[in-house]
There are 2 protein chains.
Amino acid sequence: MGTERGLLIVLSGPSGAGKSTVIGALMRRRSDIRFSVSATTREPRPGEVDGVNYFFRTHEQFAQMLAQDAFLEHAEYVGNHYGTPSAPVEENLNAGYHVLLEIDVQGAAQVLQKRPDTVSVFLCPPSMAELERRLRGRGTDSEEKIQGRMDRARREYALAKNYAYIVVNDDAEKAAAELDAIIMAELCRSEIRLKTIMEGDRPI
Amino acid sequence: MGTERGLLIVLSGPSGAGKSTVIGALMRRRSDIRFSVSATTREPRPGEVDGVNYFFRTHEQFAQMLAQDAFLEHAEYVGNHYGTPSAPVEENLNAGYHVLLEIDVQGAAQVLQKRPDTVSVFLCPPSMAELERRLRGRGTDSEEKIQGRMDRARREYALAKNYAYIVVNDDAEKAAAELDAIIMAELCRSEIRLKTIMEGDRPI
């Protein structure tokens with residue numbers, strides 16, 4: 001930490017992978033991670049605070065930010081825009097914090113294209129068989145719905161190969177330990193370490 | 001572990017980086033690492049055991065192994081040949097052990113060319129300034145000798161960029177924790193994890 005620049009980390013994964021639980025466990029292990037706050041054009045819901053839950057922006061403001069290339073990634077859902085503003089991410093990275101973006105596979109693809117040094121992690125359940133067991137174990141879904149969920153999971157898994165790392169969540173603490181190890185290892189990458197050494201008390 | 005194939009890990013670094021201490025600390029953390037035993041044409045010294053310290057081979061046997069491309073890397077020093085036989089490395093990897101090769105930068109380059117999936121780690125002291133402080137702190141070397149050592153360290157550092165990771169050893173336990181994290185992270189690489197998932201109880 002200290003003057004070292006933080007890592008930009010993208011975390012994706014199918015619903016049911018347990019992202020929130022694993023992130024919670026990771027946060028108890030490390031205090032040097034910040035979450036990105038998204039910008040959106042949708043109306044705030046009761047209790048939502050600007051700059052905490054979202055940066056609430058008008059359509060005009062959002063369009064201006066788009067024109068200024070001010071987003072790491074953005075998307076439109078049912079008439080509203082959502083995006084990850086670059087500026088606060090950069091500020092946190094420069095302050096030495098690792099910034100975690102929990103975004104979907106499309107958003108992740110945009111970030112990876114814009115910032116190839118992003119650390120990308122795909123979180124998934126242990127296997128398709130285990131996912132199917134979990135879905136059937138609920139006992140609430142029709143066969144058709146189960147097959148639909150399995151198809152979607154297969155499509156999402158197919159994109160997992162675009163991520164540098166895959167963390168299998170059969171145990172949230174173990175998954176968090178792996179995420180922690182990925183961060184430690186990425187900080188040891190020679191491109192990053194040589195920079196730190198060069199900027200140290202005596203250049204090589 | 002289990003049926004997962006182990007990782008081939010190459011560790012290099014200038015003398016004085018503290019490789020032995022860090023490896024000892026790593027071994028206390030993980031029981032799934034094996035060391036490679038080198039083959040050599042030099043005579044066994046008193047107490048050295050064939051297959052433990054080295055595989056002792058005749059020049060003819062060594063030449064035959066070379067002809068069969070049976071080495072991951074090899075070199076000649078003062079009339080004797082030294083090399084890392086591939087077969088025992090492969091056996092350990094297939095049994096799920098990670099195999100650690102502690103070799104110099106030339107040997108590491110050969111291994112990386114032959115096996116691009118090798119995890120390469122360069123171990124170094126915190127900075128050139130620290131190295132110089134350590135060398136001067138000994139109070140035994142002439143100015144010329146100190147400059148010679150510094151020049152050599154600079155040449156070795158220049159090759160550190162060919163390694164995927166650089167671990168800075170200012171504390172052996174911390175350095176071992178980083179090596180451990182690198183192993184954990186490498187096992188999460190999507191190429192490896194997708195293979196494991198595909199070979200699991202249900203292909204994707």
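Here is a short tour of this predicted model, stop by stop.

Before you click, note that residues count from 1 along each chain as its sequence is written, while chains are lettered from A and ligands numbered from 1 in the order in which they are written. Since the model is predicted, local features need pLDDT of at least 70 and side-chain atom pairs count only at pLDDT 80 or more, while totals for chains, interfaces and linings use all residues.

**Stop 1: both chains together**

The same surface serves both of them, as 100% of the contact residues of chain B recur in chain A.

**Stop 2: where the chains touch**

Now pick out the interface. Here 29 residues of chain B are in contact with 29 residues of chain A (in contact means that C-beta atoms, placed from the backbone, lie within 7 Å). On the chain B side, H5 (128-138), H6 (143-160), S9 (165-168), H7 (172-187) and H8 (190-198) each supply at least two residues. In these names, H marks a helix (DSSP H or I, at least four residues) and S a strand (E, at least two), numbered from the N terminus. H7(B) gives the largest share, 5 residues. Colour this side of chain B by class and you get 19 nonpolar, 3 polar and 7 charged residues. Nonpolar covers Ala, Val, Leu, Ile, Met, Phe, Trp, Tyr, Cys and Pro, charged covers Asp, Glu, Lys and Arg, and the others, Gly among them, are polar.

**Stop 3: H1 against H7 in chain B**

Among the residues making the contact are B:Val22 and B:Leu26 of H1(B) and B:Ala176 and B:Leu179 of H7(B). By class, this contact has 7 nonpolar, 1 polar and 3 charged residues.

**Stop 4: the sheet of chain B**

Next, show the strands. An open sheet of 5 strands runs in the order S2-S7-S1-S8-S9, with parallel pairing (strands pair if DSSP finds at least two bridges between them). S2 (33-35) and S9 stand at the edges with a single partner strand each, so one side of each has no neighbour in the sheet. Zoom in on S2(B) and S7(B), residues 98-102, which pair over 3 bridges. There, B:Phe35 has B:Leu100 as its bridge partner.

**Stop 5: a hairpin in chain A**

Finish in chain A with S5(A), residues 71-77, and S6(A), joined by 6 bridges and running antiparallel. Select A:Glu76 and you will find A:His81 opposite. The two strands form a hairpin with 2 residues between them, and A:Val78 in the turn has a positive phi of about 35 degrees. S6(A), residues 80-85, is also joined by 2 bridges to S3(A), residues 39-40, again antiparallel; there, A:Ala39 stands opposite A:Gly83.

Conventions: Two residues are in contact if their C-beta atoms, placed from the backbone, lie within 7 Å.
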